[in-house]
Amino acid sequence: MGGKQDQDEEAYGKPAKYDPSFRGPIRNRSCTDIICCVLFFVFILGYIAVGILAWVYGDPKQVLYPRNSTGAYCGIGENKEKPYLLYFNIFSCVLNTNIIAIAQNGLTCPTPQVCVSSCPGAPWTVEPKQFSQTVEQVFYAADRKFCLPGVPGNMQVLQSLQQELCPSFLLPSTPALGRCFPWTNSTVPELPGISNTSISQSISGLLDSLNARDISVKIFEDFAQSWYWILVALGVALVLSLLFILLLRLVAGPLVFVLIIGVLSVLAYGIYHCWEEYRVLRDKGASISQLGFTTNLSAYRNVQETWLAALIILAVLEGVLLLMLIFLRQRICIAIALLKEASRAVGYMMSTMFYPLVTFALLLVCIAYWAIIALFLATSGQPQYVFWAPNSSLSGCEKVPMNTSCDPMEQVNSSCPGLMCVFQGYRSTGLAQRSLFNLQIYAVLGLFWTINWVLALGQCVLAGAFASFYWAFHKPRDIPTFPLGSAFLRTLRYHTGSLAFGALILTLVQIARVILEYIDHKLRGAQNPLTRCILCCFKCCLWCLEKFIKFLNRNAYIMIAIYGKNFCVSAKNAFMLLMRNIVRVVVLDKVTDLLLFFGKLLVVGGVGVLSFFFFTGRIPRLGKNFENPQLNYYWLPIMVCILGAYLIASGFFSVFGMCVDTLFLCFLEDLERNDGSADRPYYMSKSLLKILGKKNKGTPGDKKRKK
């Protein structure tokens, strides 16, 4: 027995030895993982260079603003008062291609386009008797400012229509994405190859997918009416989350046992229900031998073997949980005591509860910077213009080099009817364009690495603050004055490289998962069952690997915050310490998960129910100042309140979870380092000492302990 115990001890490292100079997080430390720190800073400089390159070559206005036929933007510059784009004959693009292709090409169509101040509100068609009149009489005098810029007023209407300088008809339109799209119920003029049915079918899908103006206006109105009540609901979620954590020191024990009894009761009811169903079907003689094999899974509910199997499974689970409750009751009590101690630590350091706001702000910066870079890179390139005519087979167009480059600022003088210099797209040549894919990959890698580094920074900072609480012998007298600020500065100064190292390992695994998902998406239509099975196994393995690395990194950051060693040594020491106490790790993890799940359920459910009853007007006699607003979609603010409450509860409980994990590692180190003597007293709380049956033999309170 003794030899086996020694072998296990050697397999997972030797217990930590007593160090008389150790009094909590080491202050006299040096920089760790310097090579990775330099690599991270070089990468950040490259990330900034990519942003500068994208800023120089990118042109996001093409996404935000539509272009007319000459390539000029609508809504800015000389067209500032003309924010909408009008297609002379939008049906030409609808009839010649499909809606998806139009969207992929930036909603460009092979028809003249002009920037207008407002979309047409009534149908209109050029009559034959107006062909001999001038553009001034037919268009300008009637306030139809829909011709291309520079069309003289004394030009005949027939000539302007032949050269496609003015539209031959107008339809009542509505703006969507800065473009004028016809109404589906509008009367269409008689045009070659175009019918009311074809246009209605073609445009309806485009309008259904793009024109959300009415819905967006209603949503905006709902937010304008209910935004302050949403803030009130989020404030309630914040208060509930904080109260739940602070009150755990009083109710953690009863609450955990109530939850455990609740789980056992649910399983017991499941056993009873399965027995009743099994007994009824047994008396009827309904057996699986009569049913046979079928793909209709609901049919198996009517055979006795199904309920018998469910009964056995639930009974086994009930028995296992009861045995665990009996034999692991001391470890459950330790977990409860650590939860109470974590609540006490949070009460002494309330600033830690609001540190997620710092993490959220840094994450917002990382995501916004990547989004801007991606937008600018996607829109990089110089505009390209080519010659285009509505019918290149007409007389006079034979010698015109169609689809060749041209200058939109020069006047087009040709006998080809309707010849124009139109915007085609953006050139794919140039420094940024040739390396566009590589730059996008670099930006994605930067996104993952910076996000993981920010999360690692938050974990290490909180671990340093909570460790200073545990290793303070006289609480709260020995707790540092600014534990969170000291931990933040200490982490940035000494351990940026270690955090970058851990974040890089996690980033590589996540990038591998993204690549695997991309391959799976591309091969989904052609893959056979064997390939699908292999990809599924690979994805499952990478998911498990990512979870393990997150767990290992989290505990490594705690050891870094306490001892100031590099990432590899800290990860090894944390892993060995946890493996030497694996049963305690599992019990504490499950008890904490159960308690925090209940807390999230309480906060989110409470805010959701309260929001539902308020916004639906089901709370009477609130008074005039507390009347529910009149909304178009009452579910919208309810969903926002629920989502906001979940984010707030997750932020608060993530801090609490980090506090529990930090105190747990400190507790395990305390057990291995100290023995309760006058020279080596335990730092744990009196409740933990009582549960373990230990006590400090001497009180070193008279000794002045230096940190």
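# Close-up views of a predicted model

**View A. A disulfide joins Cys-119 to Cys-180, with 2.0 Å from S to S.** Because Cys-119 lies in the loop between E2 and strand E3 (124-125) and Cys-180 in strand E6 (residues 179-182), the pair ties together parts that are 61 residues apart in sequence. Helices (H or I, at least four residues) and strands (E, at least two) are DSSP runs, numbered from the N terminus. The link of Cys-119 and Cys-180 is left-handed, with -80° about the S-S bond. A disulfide here is a pair of cysteine sulfur atoms within 2.5 Å, and a search of the whole structure finds three of them.

A word on reading these views: this is a predicted model, in which local features need pLDDT of at least 70 and side-chain atom pairs count only at pLDDT 80 or more, while totals for chains, interfaces and linings use all residues. Residues are numbered from 1 along each chain as its sequence is written, and side-chain values use heavy atoms, with hydrogens and water left out.

**View B. How accessible are Cys-119 and Cys-180?** Cys-119 has a relative accessible area of 15%, so it is buried. Cys-180 is buried too, with a relative accessible area of 3%. Buried means under 20% relative accessible area, exposed over 50%, and partly exposed in between (1.4 Å probe, protein chains only).

**View C. Cys-74 and Cys-115 form a disulfide, with their sulfur atoms 1.9 Å apart.** Distant parts of the chain are linked by this pair: Cys-74 sits in the loop between helix H3 (61-64) and strand E1 (84-87), and Cys-115 in strand E2 (residues 113-116), 41 residues apart. The link of Cys-74 and Cys-115 is left-handed, at -75° about the S-S bond. Cys-74 and Cys-115 are buried.

**View D. The disulfide of Cys-147 and Cys-166 is right-handed, with 115° about the S-S bond.** This pair links distant parts of the chain, 19 residues apart: Cys-147 is in the loop between helix H6 (135-140) and helix H7 (157-162), and Cys-166 is in the loop between H7 and strand E4 (169-170). The S to S distance of Cys-147 and Cys-166 is 2.0 Å, and both residues are buried.

**View E. A nonpolar patch on the surface is formed by Leu-238, Val-239, Leu-243, Leu-247, Leu-250, Val-251, Phe-354 and Leu-357, with about 700 Å² of accessible area together.** Helix H9 (213-246) and helix H10 (248-284) are the elements that give two or more residues to the patch. H9 gives the most, with three residues. Leu-243 lies in helix H9 and, with a relative accessible area of 42%, is partly exposed. Patches are made of residues with over 30% relative accessible area and no salt bridge; like charges are joined within 9 Å, and nonpolar side chains (Val, Leu, Ile, Met, Phe, Trp, Tyr) within 5 Å. Accessible areas come from the Shrake-Rupley method with a 1.4 Å probe; for residues, only the protein chains shown count as cover.

**View F. Arg-513, Glu-546 and Lys-550 are linked in a network of salt bridges.** A salt bridge is a side-chain nitrogen of Lys or Arg within 4 Å of a carboxyl oxygen of Asp or Glu, and a search of the whole structure finds eleven. The side chains of Glu-546 and Lys-550 meet at 3.4 Å, N to O. Because they are four residues apart in helix H19 (residues 529-563), Glu-546 and Lys-550 are separated by about one helical turn. Glu-546 counts as buried at 7% relative accessibility, whereas Lys-550 is partly exposed, with a relative accessible area of 37%.

**View G. His-495 is found in the loop between helix H17 (483-494) and helix H18 (496-522).** Is His-495 buried or exposed? Its relative accessible area is 1%, so His-495 is buried. Leaving out residues up to four places away in sequence, His-495 touches Arg-29, Ser-30, Thr-32, Arg-490, Ile-560 and Gly-564. Contact means heavy atoms within 4.5 Å.

**View H. In residues 95-107, pLDDT stays under 50.** The model has 17 contacts beyond four places in sequence for this stretch. Residues 700-707 also stay under 50, with 18 such contacts. The mean pLDDT of the protein chain is 78, and 78% of its residues reach 70 or more; pLDDT is the predictor's confidence in each residue, from 0 to 100.
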